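Here is a short briefing on a protein structure. Look at the chain first, then read the points below.

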Amino acid sequence: MLMGASQMVGAIAGHNNQVAQVDAQNRNILSGYNQRKAAYEKSNLDRVGLYAAKLIDVDIGQDEAALSARKAESQVDLEEDMALRAILAQDEELQLKQMQAMSFANEGGRARSYGVNQARLASRQRGKLDAAADELAIQSYINKRQARQKGDKARLDLYRNVNQGAGVAGPAPDVPEYLDYPSPIGAIAGVAMGALSVASGAGAFSNLGSGAGAGASKIINPGAEAINKTAITTSRGISPNLLNPTVG
């Protein structure tokens with residue numbers, strides 16, 4: 001009986017121990033998967049957050065590039081205006097000299113020019129000023145265009161840093177395969193065998209106890225008929241030494 005009970009307890013304890021070991025291993029597998037999954041999600045959030053920060057930086061950089069280009073164009077316009085003012089001032093002086101040189105003196109029907117050379121010199125200088133003004137306008141246009149192109153290039157370079165988007169997320173961690181729990185069939189078989197052992201032991205003990213009780217009743221407390229058959233008869237009757245001591 002004790003062996004059968006021990007077998008039952010051992011089968012149950014062994015099965016529970018195996019289940020506990022597999023459960024601990026599966027918990028470790030799940031913990032590792034959760035860590036990899038958390039790291040993967042964090043990397044995605046970092047990637048998206050970094051891209052959002054780049055977008056803000058690009059937006060600010062493009063505004064700065066556009067403002068710088070606009071300032072350069074304004075500086076070109078200012079320089080052009082100052083140069084034109086200087087040209088106009090010189091042109092006014094030359095006009096005045098030219099007007100002064102246009103005086104003629106009449107001497108007996110013969111006209112003699114007065115300051116013609118100065119007038120021609122002023123005219124040539126005014127022509128040079130007109131050419132300089134035209135060249136200044138062309139150069140100002142070129143300078144403004146270069147400043148605008150430089151700003152556009154800076155804005156385009158900034159855009160190329162983010163035009164591909166935030167990028168593609170990497171592969172997600174694979175779902176792990178967990179260990180199978182042990183089948184309870186072995187434990188059930190062990191419990192069944194232990195139960196059979198207990199049952200067989202209990203039956204044998206019951207049979208042994210019933211047989212011993214019957215024999216003791218026959219020896220200790222025999223019936224009167226058996227005593228009379230085996231008693232020694234004397235002239236005085238049945239010998240008192242052979243009486244059943246339990247009967248009195």
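The briefing starts with the whole chain and then turns to single residues.

This is a predicted model: local features need pLDDT of at least 70, side-chain atom pairs count only at pLDDT 80 or more, and totals for chains, interfaces and linings use all residues. Residues are numbered from 1 along each chain as its sequence is written, and side-chain values use heavy atoms, with hydrogens and water left out.

**Overall build**

- The protein chain has 4 helices and 4 strands. Helices (H or I, at least four residues) and strands (E, at least two) are DSSP runs, numbered from the N terminus.
- From the N terminus on, the order of elements is α-β-β-α-α-α-β-β.
- Of the 248 residues in the protein chain, 15% count as buried. Buried means under 20% relative accessible area, exposed means over 50%, and partly exposed lies in between (1.4 Å probe, protein chains only).
- The accessible surface of the protein chain is about 18,600 Å², and 59% of that surface belongs to carbon and sulfur atoms. Such areas come from the Shrake-Rupley method with a 1.4 Å probe; for residues, only the protein chains shown count as cover.
- Take the contacts (heavy atoms within 4.5 Å) between residues at least 6 apart in sequence: 83% join residues at least 24 apart.

**Confidence**

- The average pLDDT of the protein chain is 75, and 65% of the residues score at least 70. This score is the predictor's confidence in each residue, from 0 to 100.
- Among the elements, H2 has the highest mean pLDDT (87), while strand E4 (residues 237-238) has the lowest (43).
- Over residues 208-224 the pLDDT is below 50, and this stretch has 8 contacts beyond near neighbours in sequence.
- Residues 230-248 also stay under 50, with 15 contacts beyond four places in sequence.

**The nonpolar core**

- The largest nonpolar core has 5 residues: Ile87, Leu94, Ala122, Leu129 and Ala133. Such a core is a set of buried Ala, Val, Leu, Ile, Met, Phe, Trp, Tyr and Cys residues joined through side-chain atoms within 4.5 Å.
- Helices H1 (2-100) and H2 each supply at least two residues of this core. H2 gives the most, with 3 residues.
- Beyond its neighbours within four places in sequence, Ala133 touches Leu84 and Ile87.

**Along helix H2**

- Ser140 lies in helix H2. Ser140 counts as buried because its relative accessibility is 3%.
- Leaving aside neighbours within four places in sequence, Ser140 is in contact with Val76 and Glu80.
- Tyr141 is also in helix H2 (residues 116-160).

**Salt bridges**

- The whole structure has 9 salt bridges. Each is a side-chain nitrogen of Lys or Arg within 4 Å of a carboxyl oxygen of Asp or Glu.
- Arg70 pairs with Glu73, with the closest N and O atoms 3.2 Å apart. They are 3 residues apart in helix H1, so about one helical turn separates them.
- Glu73 is buried, with a relative accessible area of 7%, whereas Arg148 is partly exposed at 37%.
- Asp81 forms a salt bridge with Arg85, the closest N and O atoms being 3.0 Å apart. Asp81 is partly exposed at 34%, and Arg85 is exposed at 57%.
- Shared partners join Arg70, Glu73 and Arg148 into one salt-bridge network.
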